[in-house]
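Welcome to this short tour. Open your viewer, load the model, and keep the selection tool at hand.

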Amino acid sequence: DTASVTVTVGAAAIVATDDTGSVASGAAGGTAVADVLANDTLDGNPATLATVTLTQVSTTNPNVTLDVATGAIDVAPGTPAGTYTVVYQVCEILNPTNCDTASVTVTVGAAVIDAVDDTGTVASGAAGGTAVADVLANDTLAGAPATLATVTLSQVSTSNPNVTLDPLTGAVDVAAGTPAGTYTVVYQICEQLNPTNCDTASVTVTVGAAAIVATDDTGTVASGAAGGTAVADVLANDTLDGNPASLATVTLTQVSTTNPNVTLDVA
């Protein structure tokens, strides 16, 4: 007599376990998880690319992806800061329908942004000029020099409306006709990739007074009895900031005279 034996062979238990990972700077990108299979098992043993196939099911950001050839979760450079999720699946090579899925939570950070205080001077407030050529020159983003291609620049405040930041160049300019003194401009830089990632710094600007030179004069009057004008204009040989001084740019006063009949007409 004969008989049959029916044998049922089960598939190995396959377990995909959730993962977490992070990248410090989305601007630079990087690898958030080295290998999602590191905590997955097949039949109680570590799952490997020799025993399972690996596929990406979904991602909440196309810049955050699974490399099915290595198991790594990669974040592309230029990825905004945030928290993203990649869902992946592992299937037994021997039994391709024997599968399990898991999620990878990836935290992408914003680059470190650092605005550093500056100082600058303008020799003559009368003439004005540029106190600082570029406030970004000592600022950094993710450890690299900050530039107008990577950050946005704005003026927060100034202690004198004649002392301002040009956000298109980074220069701090002093308008002509600014009184001598020390002024402060506060500015802000924000990462273009993550506009809320910002830092502020101050620029201290010293504005000098123009060089003023009063030069001695001589003059005569032929007859004291008749009187007259000894010097037509004492300002004729005086200068302000290297230019001729005039009653439009300087005030004129008499300090003393050795004879009350010999006087300066301040007008």
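A disulfide here is a pair of cysteine sulfur atoms within 2.5 Å. With that in mind, note that this is a predicted model, and that a search of the whole structure turns up two disulfides. If you number the bonded cysteines of the protein chain in sequence order, they pair as 1-2, 3-4.

**Stop 1: the whole chain**

Start with the protein chain in cartoon view. You will find zero helices and 23 strands. The radius of gyration is 38 Å, well over the 18 Å that the globule rule gives for 267 residues, so the chain is more spread out than a compact globule. Orient the view along the principal axes, and the C-alpha atoms fill a box of roughly 165 × 20 × 20 Å.

The accessible surface of the protein chain is about 14,700 Å², and carbon and sulfur atoms account for 55% of that. Of the 267 residues, 31% are buried. Among contacts with a separation of 6 or more, 60% are between residues 24 or more positions apart.

**Stop 2: C91 and C99**

The disulfide between them has an S to S distance of 1.9 Å. The link of C91 and C99 is right-handed, with 110° about the S-S bond. Are the two ends buried or partly exposed? C91 has a relative accessible area of 8% and is buried, while C99, at 28%, is partly exposed.

**Stop 3: C190 and C198**

Move on to C190 and C198, which are joined by a disulfide with an S to S distance of 2.0 Å. What is the handedness of the link of C190 and C198? This link is right-handed, with 110° about the S-S bond. C190 is buried, with a relative accessible area of 9%.

**Stop 4: N61**

Finally, select N61. Where does N61 lie? Look in the loop between β6 (52–59) and β7 (64–67). Despite the loop setting, N61 counts as buried, because its relative accessibility of 11% falls under the 20% cut-off.

Zoom in on the side chain of N61, which reaches the backbone nitrogen of N63 at 2.7 Å. Then display T79 and Y84: N61 touches both of these residues, leaving aside residues up to four places away in sequence.

How values were computed
Residues are numbered from 1 along each chain as its sequence is written. This is a predicted model: local features need pLDDT of at least 70, side-chain atom pairs count only at pLDDT 80 or more; totals for chains, interfaces and linings use all residues. Side-chain values use heavy atoms; hydrogens and water are left out. Buried means under 20% relative accessible area, exposed over 50%, partly exposed in between (1.4 Å probe, protein chains only). Helices (H or I, at least four residues) and strands (E, at least two) are DSSP runs, numbered from the N terminus. A polar contact is a pair of N or O atoms within 3.5 Å; within protein, one must be able to donate a hydrogen and the other to accept it, and residues adjacent in sequence count only if both atoms are side-chain atoms. Contact means heavy atoms within 4.5 Å. The radius of gyration is taken over C-alpha atoms; the globule rule is 2.2 Å times the number of residues to the power 0.38. Accessible areas come from the Shrake-Rupley method with a 1.4 Å probe; for residues, only the protein chains shown count as cover.
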